[in-house]
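Visitor: Please take one part of this model and give me a close look at it, with the cut-offs spelled out. After that, carry on to whatever else deserves a careful look.

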Amino acid sequence: MKLTILGGGGFRVPLVYGALLGDHAEGRVSRVALYDTDADRLAAVARVLAEQARGVHDAPAVVPTGDLDEALRGADFVFSAIRVGGLAGRAADERVALDEGVLGQETVGAGGIAFGLRTVPVAVGLARRIARLAPQAWVINFTNPAGLVTEAMSRHLGDRVIGICDSPVGLGRRIARVLGADPGRAWIDYVGLNHLGWVRGLRVDGRDELPRLLADPALLGSFEEGRLFGADWLRSLGAIPNEYLHYYYFNREAVRAYQEAGQTRGAFLRDQQEGFYARMKDPAAPALLTWDRTRAEREATYMAENRDVAGAGEREESDLESGGYEQVALALMRALARDERASLILDVRNRGTLPVLDGDAVIEVPCLVDANGAHPVAVDPLPYHAVGLVTAVKAVERAVLEAADTGSRSAAVRAFALHPLVDSVSVARRLVDGYTRVHPGLAYLDRP
Ligand code: G6P
Ligand code: MN
């Protein structure tokens with residue numbers, strides 16, 4: 001099996017390769033093409049992978065390349081993990097939004113829209129190329145904002161593109177753990193959009209254990225989302241939201257904390273990763289060790305401002321080791337390639353799963369996966385408060401897709417203005433002006 005990674009010089013590629021190294025079964029990935037537009041980043045990551053592969057007799061061969069067509073030809077799987085505009089772009093997305101007093105997170109609010117507007121045209125170009133050169137390949141999209149980007153790609157790849165995110169898996173695992181349930185056997189009733197979903201139940205042997213969690217403040221205080229949202233709010237909601245909903249439910253506090261922070265998340269990661277890639281130019285630097293230290297620091301500081309706002313304290317040891325991101329990807333590939341039926345929470349087209357959205361809308365939902373693809377399972381309807389957010393944000397995503405498709409500036413303004421976390425059409429207009437000023441990649445928004 002050949003796996004092609006688009007964004008092969010990306011910082012999280014060693015996580016994926018590490019998971020592949022642990023797979024020795026028949027039909028595993030034996031070749032990895034790493035494609036990136038930046039040769040230095042590619043060389044740095046290739047060094048880390050080479051150290052990871054030491055002593056593993058059947059390690060997948062790694063071929064770094066700057067030639068997209070060569071990378072795609074013969075691919076069975078394509079991972080798309082690109083970052084248009086790099087982390088400097090992410091930092092700019094945050095800054096422009098915060099200066100307008102709104103959230104600039106890379107997937108939520110104004111920042112997510114700006115990132116989407118920059119990323120969708122590139123992702124669509126890649127999808128078209130994949131459809132031509134590797135029409136049989138399964139495409140796994142990690143690129144954020146993952147739901148929106150997956151939907152953009154699905155217009156060219158249909159159900160061959162599947163989006164993934166590790167947040168729901170991490171949430172399900174944490175809830176199962178505090179309830180003393182085996183995460184592998186529990187059924188997590190989760191649904192929404194990417195970074196906008198809720199756990200409404202956790203069934204073990206046919207019994208819903210979530211009410212027991214919601215009734216117990218001590219249990220609620222013993223895991224990340226419980227501390228982030230607080231026992232009272234979770235009880236009142238009757239569900240456990242994805243951690244990214246903290247940006248909605250505590251928006252004012254989150255915006256203030258990010259404005260007051262010395263550095264935004266994007267600026268912190270930009271500097272941190274510049275340091276890593278610069279270090280990798282020294283042939284004497286230990287690649288894997290340097291990478292792992294950088295990764296650990298990134299994990300430890302994840303959503304730090306949100307945790308500060310909530311007084312949630314440090315992250316837990318078990319949340320710091322990875323295992324979400326790459327394990328979902330590996331489980332998905334195994335299920336598709338070997339017909340090993342698995343149930344995974346994925347970003348796929350709705351079909352009829354959530355009746356408030358049309359069939360082509362990409363949603364995040366538990367799916368049964370086999371060699372024929374990812375099949376969303378039937379779920380209970382969303383409560384009205386969730387319907388409100390999900391449909392509002394889907395309308396925003398559709399406006400982003402329209403703007404990316406047509407270059408329409410008014411569609412871009414509409415995308416910002418309709419977002420529940422942007423509080424004025426005037427702000428939306430200034431955001432479009434601000435973003436087009438700082439991002440050359442938005443020059444295509446040149447139509448009224
Ligand atoms: C979570 C999210 C991902 C995100 C990652 C890293 O796992 O689900 O979408 O890419 O965190 O976030 P960071 O702020 O470190 O880039
Ligand atoms: Mn995610």
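Guide: Let's start at strand β1 (residues 2–6), which pairs with strand β2 (residues 31–35) in the parallel sense over five bridges. Two strands pair if DSSP finds at least two bridges between them, and strands (E, at least two residues) and helices (H or I, at least four) are DSSP runs numbered from the N terminus. Within this pairing, K2 has R31 of β2 as its bridge partner.

Two notes on conventions before we go on. This is a predicted model, where local features need pLDDT of at least 70 and side-chain atom pairs count only at pLDDT 80 or more, while totals for chains, interfaces and linings use all residues. Residues are numbered from 1 along each chain as its sequence is written, chains are lettered from A and ligands numbered from 1 in the order in which they are written, and side-chain values use heavy atoms, with hydrogens and water left out.

Back to β1, which also runs parallel to strand β4 (residues 77–80), joined by four bridges. There, T4 stands opposite V78. How many residues of β1 are buried? Five of the five are, so the strand is largely enclosed by the rest of the structure. Buried means under 20% relative accessible area, exposed over 50%, and partly exposed in between, with a 1.4 Å probe and protein chains only. In a regular strand the side chains alternate between the two faces of the sheet. In β1, K2, T4 and L6 are on one side and L3 and I5 on the other, and both faces are covered.

Next comes ligand 1, which 13 residues surround, the closest being R90, D166, S167, R265 and R298; a residue is near a molecule if one of its heavy atoms lies within 4 Å of it. By class, this shell has four nonpolar, three polar and six charged residues. For that count, Ala, Val, Leu, Ile, Met, Phe, Trp, Tyr, Cys and Pro are nonpolar, Asp, Glu, Lys and Arg are charged, and the others, Gly among them, are polar.

Polar contacts are pairs of N or O atoms within 3.5 Å. A side-chain N or O atom of D166 is 2.5 Å from an oxygen atom of ligand 1, and for R265 the corresponding distance to a ligand oxygen is 2.8 Å. Y302 has a polar side-chain atom 3.4 Å from an oxygen of ligand 1. On its own, ligand 1 has 390 Å² of accessible area, of which the protein covers 90%; such areas come from the Shrake-Rupley method with a 1.4 Å probe.

Finally, some backbone details. Most residues other than glycine have a negative phi, and most peptide bonds are trans. The bond from N144 to P145, however, is cis, with omega near -15°, and P145 lies in the loop between β5 (138–141) and α6 (146–157). M303 has a positive phi, near 50°, and is placed in the loop between α15 (287–300) and α16 (304–310). M303 is buried, at 5% relative accessibility. D205 also has a phi near 50°, in the loop between β8 (196–204) and β9 (207–208), but D205 is exposed, with a relative accessible area of 63%.

How values were computed. Polar contact = N/O pair within 3.5 Å; in protein donor to acceptor, adjacent residues only side chain to side chain.
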